[in-house]
Amino acid sequence: MDTLLFSANAVAPIILVILLGYIIQKTGMVPESFFVYANKLAFNVAIPVYLFYSVYNIENLSDINWSLIVAAVAMVIVICLFAAMFFMFYTKDSGKRGVLIQCAYRSNYAIIGIPLAKAMGGEPALATAAVVSAFGIPTFNILAVIVLSVFSYNNDNKKISVSGILKSICKNPLIIGVCCALICLAVRNYVPFTIKEDLPFVYETIRDVGGMASPLALIVLGGRFKISAVKELAGDIASGVVWRLILAPVIALTVLMILANYGIISLTKADFPALIAFYGSPVAVSSAIMAESMNCHGELARQLVIWCNIVSIFTVFAIIVICKYFALI
């Protein structure tokens with residue numbers, strides 16, 4: 001019961017802020033255009049700054065278990081490819097394909113996953129989670145740009161341009177935010193200067209702007225959520241939820257355990273909570289903002305964020321119970 005309550009407490013604040021956005025929209029407190037512009041603000045400013053702040057605050061990248069990091073990132077790519085093959089047959093709607101594939105592999109690691117890892121495994125798990133995030137979050141975003149570009153409604157019946165996708169990757173605000181943070185991390189050990197220590201006012205500004213990313217994105221999701229669309233998209237929602245919360249963590253964790261048993265990677269009890277959170281968290285909030293900004297099925301993306309968060313209360317609980325039973329955490 002404590003595990004179930006823990007799962008509920010991790011997700012409940014997200015659902016409540018989404019509900020707040022829905023109430024704001026229903027009461028007409030702000031015009032509909034507010035959510036359109038707030039969506040752009042979240043995508044272009046708040047979320048990139050938040051990602052920069054999250055990655056920049058990783059304390060140390062030394063002593064990295066590179067075999068684990070490579071395997072963890074590789075499994076994200078594998079899940080993306082498997083999901084792409086499945087959803088290519090599942091639907092002919094290009095915009096839905098992009099959204100569903102993104103949902104399958106992309107977890108809400110920054111907002112839910114890292115705190116979840118710490119709660120399961122303490123500081124050792126948090127250290128692993130921080131390093132995984134430094135490589136996992138860029139992977140999530142690069143794959144998202146590729147998937148959403150390929151399956152965008154803009155590309156219906158058009159030849160896919162590799163150069164166009166590369167330009168989209170380079171111009172994507174989320175990727176720019178993460179890359180800037182990684183550059184700062186790379187030079188931090190060689191240059192006697194840090195933003196946090198030498199420019200505290202800049203650091204605090206980054207922290208404050210990044211702090212509004214999650215609530216702003218969630219309010220936008222609630223404000224643009226349509227209950228009437230649930231019935232129409234029920235099958236798509238169910239498919240996306242099953243891939244994100246059941247198939248992805250089962251496939252990834254099973255493969256990683258097999259690799260560890262054969263000595264291909266090193267996997268400790270401190271690592272496993274970080275991996276559970278990496279693969280088992282609900283779909284990233286920014287996935288809906290990004291999908292709509294790149295002309296994919298925005299309504300389906302919003303529905304998936306909401307329903308993945310609701311269902312994850314029970315799936316995260318189940319994963320934790322199973323892992324405890326087998327003494328993995």
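Helix α10 (residues 213-223) is mostly covered, with 10 of its 11 residues buried; buried here means under 20% relative accessible area, exposed means over 50%, and partly exposed lies in between (1.4 Å probe, protein chains only). The buried residues of α10 include Ala213, Ser214, Leu216, Ile219, Val220 and Gly223. Helices (H or I, at least four residues) and strands (E, at least two) are DSSP runs, numbered from the N terminus. The structure is a predicted model, in which local features need pLDDT of at least 70 and side-chain atom pairs count only at pLDDT 80 or more, while totals for chains, interfaces and linings use all residues. Residues are numbered from 1 along each chain as its sequence is written, and side-chain values use heavy atoms, with hydrogens and water left out.

The protein contains 15 helices and 0 strands. Its radius of gyration is 19 Å, close to the 20 Å given by the globule rule for 329 residues, so the protein is as compact as a globular protein of that length. This radius is taken over C-alpha atoms, and the rule is 2.2 Å times the number of residues to the power 0.38. Along the principal axes, the C-alpha atoms fill a box of roughly 50 × 45 × 45 Å. Of the 329 residues, 51% count as buried. Contacts (heavy atoms within 4.5 Å) were counted for residues with a separation of 6 or more, and 85% of these join residues 24 or more positions apart.

In soluble globular proteins, nonpolar side chains tend to be buried together. A nonpolar core is defined as a set of buried Ala, Val, Leu, Ile, Met, Phe, Trp, Tyr and Cys residues joined through side-chain atoms within 4.5 Å. The largest such core in this model has 106 residues, of which Ile47, Ile101, Tyr105, Tyr109, Phe278, Tyr279 and Met290 touch the most other members. Helix α5 (residues 109-150) gives the most to this core, with 19 residues. Leaving out residues up to four places away in sequence, tyrosine 105 touches Val76, Ile79, Cys80, Phe140, Leu143, Ala144 and Arg244.

Alanine 277 lies in helix α13 (residues 271-280) and counts as buried, at 0% relative accessibility. Alanine 277 and tyrosine 109 are 168 residues apart in sequence, yet their C-alpha atoms are 6.8 Å apart in space. Beyond its neighbours within four places in sequence, alanine 277 is in contact with Ser107, Tyr109, Gly113, Leu116, Ala117 and Met120.

Several loop residues were also examined. Asparagine 108 sits in the loop between α4 and α5 and is buried, with 3% relative accessibility. Not counting residues up to four places away in sequence, its contacts are Ile14, Gly113, Ser281, Pro282, Val283, Ala284 and Val285. Threonine 91, in the loop between α3 (66-90) and α4 (94-105), is buried at 11% relative accessibility. Asparagine 295 is found in the loop between α14 (286-293) and α15 (298-325) and is partly exposed, with a relative accessible area of 31%. Most residues other than glycine have a negative phi. The phi of asparagine 295, however, is near 60°, a positive value.
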